[in-house]
Structures are given as structure tokens and as C-alpha cells.
Number of protein chains: 2
Amino acid sequence: MRGHGRWFHGRIRGCGYRLTLPRMKIIEVLNSSNGHLSAEDVFVKVHRIYPAVGLTTVYRTLEMLVASGIVVKIDAGDGKARYKFKKTLEEEPHFHLICKKCGNIIDVKADKELEKNIHRAKEEYIKRYRFKVDNPQLRFYGYCESCK
Amino acid sequence: MRGHGRWFHGRIRGCGYRLTLPRMKIIEVLNSSNGHLSAEDVFVKVHRIYPAVGLTTVYRTLEMLVASGIVVKIDAGDGKARYKFKKTLEEEPHFHLICKKCGNIIDVKADKELEKNIHRAKEEYIKRYRFKVDNPQLRFYGYCESCK
DNA sequence: ATTGTTAATGGAAGTCATTTTCAATAAGGA
DNA sequence: TCCTTATTGAAAATGACTTCCATTAACAAT
Ligand SMILES: [Mn+2]
Ligand SMILES: [Mn+2]
Ligand SMILES: [Zn+2]
Ligand SMILES: [Zn+2]
């Protein structure tokens, strides 16, 4: 209760995980970064404030945080996953702009009408193909301002 | 001109590539399969009718066919690319239903309105984020009839 | 049809992101 | 404090794909 216990600490313990030093350092980095980071990115940043970390632990912790619902994992399509801290437990729906040159990812708010159309399509597929859609993903591949 | 020269033969030669035996066998397999195949899938099928193929050649030929515009390459998000013969040179826009269990991919026709909405979003991003969208991709991850 | 040039082949070895293994360590409940 | 066992980090393994390189085969020019 004395400020140092962030909301996600309770969540992690609640999922049965231990709150270890490497985990806290990784969370610290993730929490104070705003972009979508690769495991390697996280490793490099954590290494600066806690040189003992192993890359293995970074991967494991990242997966653990995804499993706890604290972090989102994004497949950028370039063979390297990206991770990002959620601001809220229930992330609002959004899409991604992915730069084919530098790999940067921009979150874009979901347009209401587009969102509705996707939902309608999803309902249709469950009927037409007996395919249970779980999670629709819309990505716009292209080139960001500095790469185009 | 005697039937045995399929349309894509001219296209391959036209792009400056040689028409070799392994390439023809790979094309034969691709042309007579209807799903979205992984390089490994193609390798196994080709190996049955032409045991001398190397996996390397399968990868190279697949890329060559993509470069020639004869085959489409799809990133299923599971680390294994899928390839599919185009029926027509200009593929009509469509989306994918991807099974998270078995990896199968179902092509779904693009709904006109949804398609238009995506296009509108794309135009907006170029203005708002100075991000030049090249290729929007909509995927519906979930479970197919036999996996759910 | 024969030849010569050079693209294409296939096996082995290399990448690169991620995972597995395993002995040593450290959470945290008792 | 002690004990159990989850967690750690280094090293080795994995899996999809690529690169190397010596050999082979397309095919354009004789
Ligand atoms: Mn996002
Ligand atoms: Mn398709
Ligand atoms: Zn960029
Ligand atoms: Zn399935």
C-alpha cells in the first residue's frame, strides 16, 4: 500500500508468479518505454540498469506478462515479436501501421464504422465457414514518415 | 503453342528465368494443390514425384514465382510462410481466416463496404501520420470447424 | 546436333529469433 | 530462519530460412 506496489504487482502474484528482481527490472523498462519493443530491445535496456539479466529471462518474463494480461505481444511480420505495456487491462481496439523499412509500429485508433464492419464480417464467417473468429487483426504495411 | 506451354511458362521465361525440371515439378504441385502450402509442404509433395529436389531449390523457386507474380506468399503469423498459385494475374482483394490450432488458411472474399472502409482509413493515415500505406492486411485468427 | 556460357541445383554449413536443458540461486510460506 | 520449489542464466538445441560452393544442365550461338 505504500506506492511501491504497482497494480501489476498484485496481478502477477495473483496469477501465482513470484515477484523477482529481474522481473521488476524488466517491468520497469517496459513501463517507462512507449514504443513497441522487441525482446532484444528490452534486453539491451534492462542490461543497462541490471547487467545480470539473461536474454532467456527476458523472453520468459515477457511471455509471463503476456499470460498475465499485462503486456501485449504483436507479430510485426518480420520474424521479431514486439511487446508493449497495456495502459489499461482492457485494451481498446486499435490497428497497426507497420513500417517495412525500420520496423516501427504506430498504434492507430479504430474507426467506429470500420470496427463495426469487421465485427459484422466476423459474425458472417462463423455462419458461412463455421470458423470461430477470436481475434481480427488489421495491419497497414508501408513506410513511415522518415523511411518513405 | 501445343497446350503443354502453360501461361506461366511464358511469364517465367519473360522474366529472364530458365524453365528447369525442378521448377516445372514444383509448379505442377502448386498448380494441382488448392490450399495455402508451406515450403515444407511443397517439398514433401514434390519429393514424391521428383525425389531429387532439394529443399533449397523449393525455397528459391517459390521466391522466384512470387517475384514473377505467379504465386502469392502469405505470412500466417506462425513463422512459416504459405504459398498459393494465383488463378488470375490480378488477384481480387480478399482476407484470411487463420486457424490457430492447425494453421489452415481460408480465403474469404472482401466485403465491398469493408473494403471501402479500409481504403478510407488508409487515405487518412497518409495524412494524419504521413505514413504511406502500401498493403493493408486483414486477418481473422480463430479456430476452424474441425479444430474448435 | 555440338558447344560454350552461365544460371540453376542440392548438400552442407550458417543465420537468427526463440526455446529447451540443467545446475545453481533466491522467493516467500512455514 | 529454514525449506521447498519457482526462477535464473549460460549453453546447447530448434526450426525456418539463407548462403556457399562445387557440380550440373538450360539454351543461345554455332
Ligand atoms: Mn498496439
Ligand atoms: Mn489468399
Ligand atoms: Zn520506418
Ligand atoms: Zn484448424
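Begin by selecting Arg18(B): one of its polar side-chain atoms lies 3.2 Å from a sugar or linking oxygen of DNA strand C, a polar contact being a pair of N or O atoms within 3.5 Å. The model is predicted, so local features need pLDDT of at least 70 and side-chain atom pairs count only at pLDDT 80 or more, while totals for chains, interfaces and linings use all residues. Residues are numbered from 1 along each chain as its sequence is written, chains are lettered from A and ligands numbered from 1 in the order in which they are written, and side-chain values use heavy atoms, with hydrogens and water left out.

Select Arg23(B) next; an N or O atom of its side chain is 3.0 Å from a phosphate oxygen of DNA strand C. Then turn to Arg18(A), where a side-chain N or O atom is 3.0 Å from a base nitrogen of DNA strand C.

Now display the surroundings of DNA strand C. There are 20 residues around DNA strand C, and the closest include Leu19(A) and Arg60(B); a residue is near the strand if one of its heavy atoms lies within 4 Å of it. Of the atoms of DNA strand C within 4 Å of the protein, 66% belong to sugar or phosphate.

Move to chain A and select helices α2 (residues 21-31) and α4 (residues 55-67), whose axes come within 10 Å and cross at roughly 70°. Helices are DSSP runs of H or I with at least four residues, numbered from the N terminus; axes are lines fitted to C-alpha atoms, for helices over the stretch in contact, and angles run from 0 to 180 degrees between N-to-C directions.

Conventions:
Helices (H or I, at least four residues) and strands (E, at least two) are DSSP runs, numbered from the N terminus. A polar contact is a pair of N or O atoms within 3.5 Å; within protein, one must be able to donate a hydrogen and the other to accept it, and residues adjacent in sequence count only if both atoms are side-chain atoms.
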